[in-house]
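Q: I'm new to reading protein structures. Can we walk through one together, feature by feature?

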Amino acid sequence: MAEAILAYALTTVARVKTRLTITVNNHDTPLLYLINSVTDFIEGECNRRFKETTYTNEVYSPQGGRFIILKQSPVSSVSSVQYRAGLKSNPTWTDFNTDDWELMEDGQSGMIEAYGLLHGTNLFRVTYVAGYKINFTNYGDNNTHTLPADVTDLCERLVVRWFKRRESGGKQSEGLQGGSINWKDELDSEDKATLARYKRIPNFV
């Protein structure tokens, strides 16, 4: 079975071909491999999934204070915020009262302020929708495509940069599917600045 473009890919083969002024299909497969590889690299560096996704019963361990920092952002909706009661071996999940929590900054920060948080492990869970809408067919329509343009630009620049280097170096495409490229070696200062702008702090608790 041939490899397909990732559902959460940060650009398309057609867009990259336009940058490269390629009009034939000979290079579609290696470009697809590169897009998938770069997409996973960017998401790994930023500790986030950019495509809008539903996260169900994601568990958190607040260490005091009033805030839950969700793993993903921007948050478009929160359907439940629950705390754990009962025994660890037989927990009972109970909804917070609606007035006891609030999504901060219209969801842009991915933070929830909740009153009465306790210190502990795996005490809270949240179901929410976060990320950007990705629909390159309607690129420019802010109702259906909200992925920041600089993220797509970064993905495309890395793909184009390596594709051109591959040709000038006489390299073949065999290694692309295996993800053997060290993308960190390909970064310049502008690339690093874009990654830093969208990086989420890892949630270790």
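Q: How many helices and strands does the chain have?
A: Start by counting elements. This is a predicted model, and its chain has four helices and seven strands. Read from the N terminus, the order is α-α-β-β-β-β-β-β-β-α-α.

Q: What share of the residues counts as buried?
A: Here buried means under 20% relative accessible area. In this chain, 43% of the 205 residues pass that test. The chain still exposes about 11200 Å², with carbon and sulfur atoms supplying 49% of that area.

Q: Which residues of helix 4 are buried?
A: Look around the helix axis. In helix 4 (residues 189–198), the buried ones are D191, T194, L195 and Y198. They sit on the same side of helix 4 because they cover an arc of only 100° around the axis. The face turned away from that buried side carries S189 and A196, which are exposed. At the start of helix 4, a side-chain oxygen of D188 comes to within 3.1 Å of the backbone nitrogen of E190.

Q: Which elements give two or more residues to the largest nonpolar core?
A: That core has 33 residues, and L10, I42, F50, L147 and W183 have the most contacts inside it. Helix 1 (13–20), helix 2 (28–46), helix 3 (149–168) and helix 4 each give two or more residues. Helix 2 gives the most, with nine.

Q: What does W183 touch, beyond residues up to four places away in sequence?
A: W183 touches L34, S37, V38, F41, L158 and W162. There's also a second, separate core of 17 residues, including I68, V75, A114 and Y128.

Terms used:
Residues numbered from 1 in each chain as written. Predicted model: local features only at pLDDT ≥ 70, side-chain atom pairs only at ≥ 80, totals over all residues. Heavy atoms only, no water. Buried < 20%, exposed > 50% of the residue type's maximum accessible area, 1.4 Å probe, protein only. Areas by Shrake-Rupley, 256 points an atom, 1.4 Å probe, with all protein chains shown as cover. Arc of directions from axis to C-beta. Polar contact = N/O pair within 3.5 Å; in protein donor to acceptor, adjacent residues only side chain to side chain. Core = buried A, V, L, I, M, F, W, Y, C linked by side-chain atoms within 4.5 Å. Contact = heavy atoms within 4.5 Å.
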